[in-house]
Amino acid sequence: MNPIQQRRQEYRSLFKQNVAKRLLVDKVVKIIVFSCVIIAIIPLGSILVEVFKNGLTAISIEFLTETPGSAGSGEGGIGPAIQGTLIIIGLSSIIGVPIGVMSGVFLSEYGDNALARFIRFFNDVFMEFPSIILGIFAFLIIVLVLGHFSVWAGAFALSLIMFPIVARTTEESLKMVPMTYREAGTALGLKKWVITFRIVISAAKSGMITGILLSVSRIGGETAPLIMTILGSSQFFSSMDTPMDALPLRIWRLSLLPYDSAQLQGWGAALVLIMIILGINLGVRYYFTNKKNGFFGQLIKQRRKITK
Amino acid sequence: MTALTIKPINMEYSPVAAPERRTPIDISKYKMIAENVTVSYGGIDAVRNVTMKFKENSVTALIGPSGCGKTTFLRCLNRMHDMTKNAKVKGKVMLDDIDLYSKAIDPIYHRRKVGMVFQKPNPFPTMSVYDNVTSGLRLNGVKDKKILDEIVEDSLKMAYLWDEVKNDLKKSAVELSGGQQQRLCIARALAIQPEVLLMDEPASALDPIATQKIEETIIELKKDYTIIIVTHNMQQAIRVSDYTGFMYLGDLVEFGETKKLFTDPKEELTAKYVQGHFG
Amino acid sequence: MTRLIDPSLHKLSFIMSEMGDMVIESISLAIDSYLTGTNTKDKVLKLSDAIRAKYFEVEDLTFDMLLKYQPVADDFRLIRSSTEISYAFSRFGRYAYDITLVRDLFGDVSECTNASLVESTKKVKHMIKEAVLSFAELDVRKAIEIREDEKFIDNIYRERLPKLIESTNTRCALAEALLLRYLERIGDHAVFMSDAINYIVTGKHRPTEERIASHTKHD
């Protein structure tokens, strides 16, 4: 055979020949990786299962709408807590989301200087702050100053948790939008803020929404800051300057009581909290992907066409 | 007799920088004049003292190896370098009789007179075909639906895209093919009623048929616009342009009528480049 | 850096140089056969056919190069002129053959030789050599000599023709008339060839009026 074919054979013989063994290694690694994932999911799955199992029996109309009864009586419900959670999440978002988005826009579009670098660093540190400290801070500057626990303080504390997350994810989403769209906008003679808000942000929408939902889920479950600011109560919301109940607080209180009925109510409250967070997530996603011509939007449109 | 070697002697040119035209220049016939333009990034010159004059309703091609500064120069003509940090631009760019770099004028207003089409088609992804074409207008305050409709139809017709999209203008821009997207970008640039059109390798990301359509579009548009196109495809430059400028390492080596530059270039460097000896 | 087009360009230059050699040989043989009486008809026929075959080869090669490589600048001018020059070569071969036919038809006409005939044939031989060399070296200075030679041959042609009409020796007069005619045509093509060479080097054509005039008028 000619020299090229000879050389080919020579080099080929250098390759590892143990193909069967390597396919086996391949399979083994796959199994290991898969099992790691399962191991990681099992605790999460079992939590969900536990919550559903234990909490489902507590759910009823009275449970969802009535004020708490006396401790240990097994009567009453968590109505104020549900209302309080929704109010506090809504209020915090109104404060935290716009500020967070604006900071994200600043860091991404105007952020090539020392000031922005400082803000970014500070932002990252802030994200990891223990929430109890933020609660104490809100306590000090609002509760003590006003002289009473109030919803303002609670919203303020939670927005402090929200805002770094939103800023960070907004900045990352905006950065993912290719430069070429900004260039196209510039070439059309558009001003920078028009390009940023009408073109870049709408292209980064899905990433930003993920970030916002992440932060909403986070604050939905925060307990420590709420202890220091809205304290909790057994009544429905009355005014912004009085304490208010919220689900994490209610769950905490109920779980500390020694009565079985209270424990059951606690499970029920936990289930409700998880359902609310899930609901917000799915609802917002559905709304936005339905509007856009995204993948899910198309799926939904197709299903609509079929069912019509 | 020995085999012939292609070694010409007694060439009638001298290897000196491209001479200025000896006939006096009638400024009014030039739509755009770039004078002594130098662009430097952080101390390094990407474009060095380039002077070029662009006649009205002509197509000028800029050729040269990668990194020679042709795209950088093109972006000077509509002040795109304002967006880039560290970019310093010196010199004058006259559009009709106005220096685009003078401190007295509003760059945004004048940028609308110079449209730009980029290498990779970049229609705004979250907008429909209609919205894309009108984006330069709506976002600049034009609201009258009738006028917008008219301009959309005109621009898409000029870009040879109207027949393909007229039945579904609300279609998302990203659903179009590559060639259609690029023609959409051309329509978008035309919608703001520019006088000059800058094109940065407009067909390099497209298949041969789409390329052909773009070239046909350019030749049609020449009647009403002044076009400057950067291309690395020399046959495209020959087919489409009236004048060609050859740039190398930031300098303008030669500028002249396309046919002359490609059949009998003045500079030896130009001859070497167009025949493929380097680059 | 070897480009894709380079092997084809080398092939082209090789074929052209072969044609050049053959042209010089065939013209010399033809002229000598007239002046000295040797019969070289067959040899020259073979050469002329070979030159014609190479002419078709060159045509194919140049169009192939245009199709594949879309050449520009120097390459383009060389290829464009090669078609003109190879056609001129094929014509030289053909006229050389025609001259040997005269010798063949009329028999030995060596006694018809006169001084002006000797001069013109010498000039033609020189002109052909200069033309082929000028192409090989792309030397446009030779164009001037070629033009002068051609003018000389033209003048001889126009002077001698009326005299031949008056001549009593019909055989010699006819043979000389034919020979002078062929020499004049060879001269014309040599000038076309030098124009083509000038185009390769300078990129300029002779002005159109001159090109048209040189085809018909002679002053």
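Which residue of β7(B) is the bridge partner of Val117(B)? It is Met199(B). The points below place that pair in the predicted model.

1. Chain B overall. Chain B contains 10 helices and 10 strands. Of its 279 residues, 43% are buried. Among the contacts in chain B with a separation of 6 or more, 67% are between residues 24 or more positions apart.

2. The sheet. An open sheet of 6 strands is found in chain B, in the order β6-β7-β8-β3-β9-β10, and its pairing is mixed. The edge positions are taken by β6 and β10 (251–257) of chain B; each has a single partner strand, so one side of each has no neighbour in the sheet. Direction ignored, neighbouring strands of this sheet are turned by 15 degrees against each other on average.

3. Pairing from β6 to β8. Strand β6(B) runs parallel to β7(B) (residues 196–200), and 4 bridges join the two. The pair Val117(B) and Met199(B) belongs to this part of the sheet. On the next step, β7(B) is joined by 5 bridges to β8(B) (residues 226–230), and these strands are also parallel.

4. Burial of β6(B). In a regular strand, side chains alternate between the two faces of the sheet. For β6(B), Val114(B) and Met116(B) are on one side, while Gly115(B) and Val117(B) are on the other. These four residues are all buried, and both faces of the strand are covered. Helix α6(B) (residues 178–191) lies across β6 and β7 of chain B and runs at about 170 degrees to β6(B).

5. Helix α3(B). Is α3(B) mostly covered or mostly uncovered? It is mostly covered, with 8 of its 10 residues buried. The buried set consists of Val129(B), Asp131(B), Asn132(B), Val133(B), Thr134(B), Ser135(B), Gly136(B) and Leu137(B). Their cover includes α4 (145–158), α5 (162–165) and α6 of chain B.

6. The contact between chains A and B. How many residues of chain B are in contact with chain A? There are 21, and they meet 17 residues of chain A. On the chain B side, the elements giving two or more residues are α2 (107–111), β6 (114–117) and α3 (129–138). By class, that side divides into 9 nonpolar, 8 polar and 4 charged residues. Strand β6(B), an edge strand of the sheet, is therefore also one of the elements that touch chain A.

7. The chain arrangement. There are 2 pairs of chains that touch, and chains B and C have the most contacts. Chains A and C share no contact; their closest C-alpha atoms are 25 Å apart.

8. A helix pair in chain A. Two packed helices are described by the angle and the distance between their axes. The axes of α5(A) (residues 114–127) and α7(A) (residues 151–176) come within 9 Å and cross at roughly 130 degrees. The two helices are therefore oblique to each other, and the crossing is left-handed. Helix α5(A) contributes Asn123(A), Phe126(A) and Met127(A) to the contact, and α7(A) contributes Pro164(A), Ile165(A), Ala167(A) and Arg168(A). By class, this contact has 5 nonpolar, 1 polar and 1 charged residues.

Technical notes:
Residues numbered from 1 in each chain as written. Chains lettered and ligands numbered in written order. Predicted model: local features only at pLDDT ≥ 70, side-chain atom pairs only at ≥ 80, totals over all residues. Contact = placed C-beta atoms within 7 Å. Nonpolar A, V, L, I, M, F, W, Y, C, P; charged D, E, K, R; others polar. Axes fitted to C-alpha atoms, helices over the stretch in contact; angles between N-to-C directions. Parallel < 35°, antiparallel > 145°, perpendicular 65-115°, else oblique. Left-handed = near helix turned anticlockwise from the far one by under 90°. Buried ≥ 20, exposed ≤ 12 C-beta atoms within 10 Å, placed from the backbone. Pairing = 2+ DSSP bridges.
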